[in-house]
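Me: I would like to learn how to read a protein model step by step. Could you take me through it, giving the general idea before each case?

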Amino acid sequence: MQPSLPSAMILPQAALTPGGSVDLGPICLGQSKVQPFSVLANAEGSFKIVGISSPDLPFTLVAPALPADVQGSGGTSSFEIRAQPTATGALASSIDVTTDIPNAGPRTISL
């Protein structure tokens with residue numbers, strides 16, 4: 001049997017769902033659509049979400065108070081992006097989710 005590592009040496013890992021490029025679909029003027037996101041600890045180590053950048057209008061961010069703790073082994077934290085268009089046409093923006101995980105850069109989500 002392999003000896004277990006001390007807890008200080010267990011590196012955290014994060015998963016962001018949905019991630020990458022997220023299409024909120026068609027939204028009528030005067031209406032809004034909310035897209036929930038989850039940040040999941042997919043390893044034993046815990047970490048903090050230290051920043052979530054604000055998207056450009058007409059997108060808005062509804063986030064927890066930061067820094068937000070995410071417990072290891074399946075712990076989660078969540079936030080939402082709301083889109084409420086004020087003009088017709090395609091909308092685009094992006095956000096960056098930053099954690100305190102060593103050597104892990106921000107995760108960018110394109111909206």
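Me: How many bridges join β3 to β7, and in which sense do these strands run?

Reply: Two strands pair if DSSP finds at least two bridges between them, and strands are DSSP runs of E with at least two residues, numbered from the N terminus. Here three bridges join β3 to β7, and the two strands run antiparallel; within this pairing, Gly 51 has Thr 98 in β7 as its bridge partner. Please keep in mind that this is a predicted model, in which local features need pLDDT of at least 70 and side-chain atom pairs count only at pLDDT 80 or more, while totals for chains, interfaces and linings use all residues. Residues are numbered from 1 along each chain as its sequence is written, and side-chain values use heavy atoms, with hydrogens and water left out.

Me: What is the order of the strands in the open sheet of four strands?

Reply: The order is β5-β3-β7-β8, with antiparallel pairing. Because β5 and β8 (107-110) stand at the edges and have a single partner strand each, one side of each is left without a neighbour in the sheet. Neighbouring strands of this sheet are turned by 30° against each other on average, direction ignored, where the axes are lines fitted to C-alpha atoms and angles run from 0 to 180 degrees between N-to-C directions.

Me: Which strands does β2 pair with?

Reply: Strand β2 (residues 33-41) pairs with β1 (residues 14-17) in the antiparallel sense over four bridges, and Ala 14 has Ala 41 in β2 as its bridge partner. Eight bridges join β2 to β6 (residues 76-83), again antiparallel, and the partner of Lys 33 in β6 is Ala 83.

Me: How many aromatic pairs does a search of the whole structure find?

Reply: Rings of Phe, Tyr and Trp (its six-membered ring) pair if their centres lie within 6.5 Å, and planes under 30 degrees apart count as stacked, over 60 as edge-to-face and the rest as tilted. The search of the whole structure finds one aromatic pair. Phe 37 and Phe 79 form this stacked pair, 5.1 Å centre to centre with 10° between the planes. The pair links distant parts of the chain, since Phe 37 lies in β2 and Phe 79 in β6, 42 residues apart.

Me: Is Val 39 buried or exposed?

Reply: Buried means under 20% relative accessible area, exposed over 50%, and partly exposed in between (1.4 Å probe, protein chains only). Val 39, which is found in strand β2, counts as buried because its relative accessibility is 3%. Contact means heavy atoms within 4.5 Å, and, not counting residues up to four places away in sequence, Val 39 touches residues including Leu 16, Ile 49, Phe 79 and Val 97.

Me: Which residues have the most contacts inside the largest nonpolar core?

Reply: A nonpolar core is a set of buried Ala, Val, Leu, Ile, Met, Phe, Trp, Tyr and Cys residues joined through side-chain atoms within 4.5 Å. The largest one has 21 residues, and those with the most contacts inside it are Phe 79, Val 97 and Ile 109. At least two residues of this core come from each of β1, β2, β3 (47-52), β5 (68-70), β6 and β7.

Me: Where is Gly 45 found, and which residues does Gly 45 touch?

Reply: Gly 45 is found in the loop between β2 and β3, and is buried with a relative accessible area of 7%. Leaving out residues up to four places away in sequence, Gly 45 touches Ile 10, Leu 11, Pro 12 and Gly 72.
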